[in-house]
Amino acid sequence: MTKLTIAQLLKETKLQQVEAKGWVRTFRAKRFIALNDGSTLNNIQCVVDFENTDEDTLKRITTGAAVHIKGELVESQGKGQSVEIVVSSIEILGDSDPETYPIQPKKHSFEFLRENAHLRTRTNTFSAVMRLRSALSFAVHKYFNDNGFNYMHTPIITGSDAEGAGEMFRVSTLDQKNPPLTEDGSIDHSKNFFGKDTNLTVSGQLEAETYAMSLGKVYTFGPTFRAENSNTSRHLSEFWMIEPEVAFMDLAGNMDLAEDFMKSVISYVLEHNAEDLEFLDQRLFDEEKTKPQAERSELRLIEKLKFVTDNNFKRVSYTEAIDILKNSKPNKKKKFNYIIEEWGADLQSEHERFLVEKHFKCPVILFDYPANIKAFYMRLNEDGKTVRAMDILFPGIGEMVGGSQREERLDVLKEKMAVLDISEEELWWYLDLRKYGTAVHSGFGLGFERLVMFATGMSNIRDVIPYPRTPQNAEF
Ligand code: 4AD
Ligand code: MG
């Protein structure tokens, strides 16, 4: 490691002897190396004295090579940078083959870069996205830490299906070809590693509830897994979820928390990652210019982020939303794939996007959904047919957050579980929370990659996680 990163060198005002290690982005006219070490979007220009450098070394300064440069930091003669390094010695640390190196100094498609995900962070776009991902992750922990939350690690391997969706990855050590069988011929999970059937978690919520009911304010931030076969630009089979859970907080408090939290993490990157955001703002703007006028976004990326931090999210009940949708143009003209006919319909992403992008034009919190389209643990309202659920919908993304006030009444919860055939035996510990000192409590889950998509303006979720896991794809 050299003492200063390129990010730091570029800010130096004292002219001095320096060293830099990094990867060559370009080498122009046998003289100018654009060097990058990942610490910043910007390259440092290194000026090589080609007359006094041997021919072999000059040949080995190619795009992608790792080099160690020593020289003098001076004011730059050229445009575009304030300082540059006049090279006194250059050592090639690792050669790159210019014939086969995939990341050429030109525009590559995101599809191509996905196939080369191990090298794509050597491009400006992906290094900016991943630095932002890292900063957002820090901002998440900072927010909760500043607000008195305890960080809790919920298990990755679980015996329960929190969302009741049944789309889980099984964790098993049984011989797949010849599993032990019970008398009735089904697989004998008592012989399995954990003595029972287990899966990768779809959510840490149920366990987080147990800690909320003792530590008060907690959150989890970890990987979650869903075996749903949704090959869309917004779904991953492995994604990271942030789930706060708070005792004595109702749904209104939950909405306030979610809104304040999202504004806070977005403000954090606006303040601390301006350079990367400006680059992505320009990238998106250039991309949008190639689209027809009607499909272009009205706001640029940074304007969109500021819009979110400066304006209140619109809070709308499911019932109001259904009325808006029923009377909407695309519904009347049968432009939606799923026509909204009556109260009770599950909202598809086309409806969510209509509400946020066309109707309200801002983030929307939908609440009080019909009980039968939501999970068993949500608190039943006095009307007996809706639950205290909330989804936060974002322009360009759709559902960003899903949360609720939890059912704290033992009898109501048991009834609900019976109807849905959820075993009381399996969730005995969850029911215990309602037996011993039950109280109003609430929480939500935010898909971290969807947040990164929004903050970076990237339109495919595969481009905001280092190595995406999706149906038929687990490369790297
Ligand atoms: O709405 P979901 O399924 O809610 C829960 O899991 C609750 N247990 C959360 C809670 O109340 N603690 O998922 C929460 C969020 C979604 O709003 C979405 O942002 C994200 O997780 N999400 C996904 N992100 C990427 N790929 C997927 N397949 C996702 N499924 C959900
Ligand atoms: Mg949801």
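1. Ground rules. In this predicted model, local features need pLDDT of at least 70, side-chain atom pairs count only at pLDDT 80 or more, and totals for chains, interfaces and linings use all residues. Residues are numbered from 1 along each chain as its sequence is written, chains are lettered from A and ligands numbered from 1 in the order in which they are written, and side-chain values use heavy atoms, with hydrogens and water left out.

2. Ligand surroundings. Ligand 1 is surrounded by 24 residues. The closest are E163, Q205, E243, E399 and M400. A residue is near when one of its heavy atoms lies within 4 Å.

3. Polar contacts of the ligand. These are pairs of N or O atoms within 3.5 Å. An N or O atom in the side chain of R226 sits 2.8 Å from an oxygen atom of ligand 1. M400 uses a polar backbone atom, 2.8 Å from an oxygen atom of the ligand. For E228, a polar side-chain atom is 3.2 Å from a nitrogen atom of ligand 1. The protein buries 93% of the 630 Å² that ligand 1 exposes when taken alone. Areas come from the Shrake-Rupley method with a 1.4 Å probe.

4. Helices α9 and α11. Helices are DSSP runs (H or I, at least four residues), numbered from the N terminus. Helix α9 spans residues 318-326 and helix α11 residues 349-360. They pack at about 80 degrees, axes 11 Å apart. Axes are lines fitted to C-alpha atoms over the stretch in contact, and angles run from 0 to 180 degrees between N-to-C directions. The pair is therefore roughly perpendicular (65 to 115 degrees). A321, I324 and L325 of α9 meet H351, F354, L355, H359 and F360 of α11, with contact meaning heavy atoms within 4.5 Å.

5. Helices α8 and α14. Here α8 (residues 301-310) and α14 (residues 448-456) pack at about 120 degrees, axes 8 Å apart. L301, K304, L305 and V308 of α8 make the contact with F454, A455 and T456 of α14.

Notes:
Helices (H or I, at least four residues) and strands (E, at least two) are DSSP runs, numbered from the N terminus. Angles under 35 degrees count as roughly parallel, over 145 as roughly antiparallel, 65 to 115 as roughly perpendicular and the rest as oblique. A polar contact is a pair of N or O atoms within 3.5 Å; within protein, one must be able to donate a hydrogen and the other to accept it, and residues adjacent in sequence count only if both atoms are side-chain atoms.
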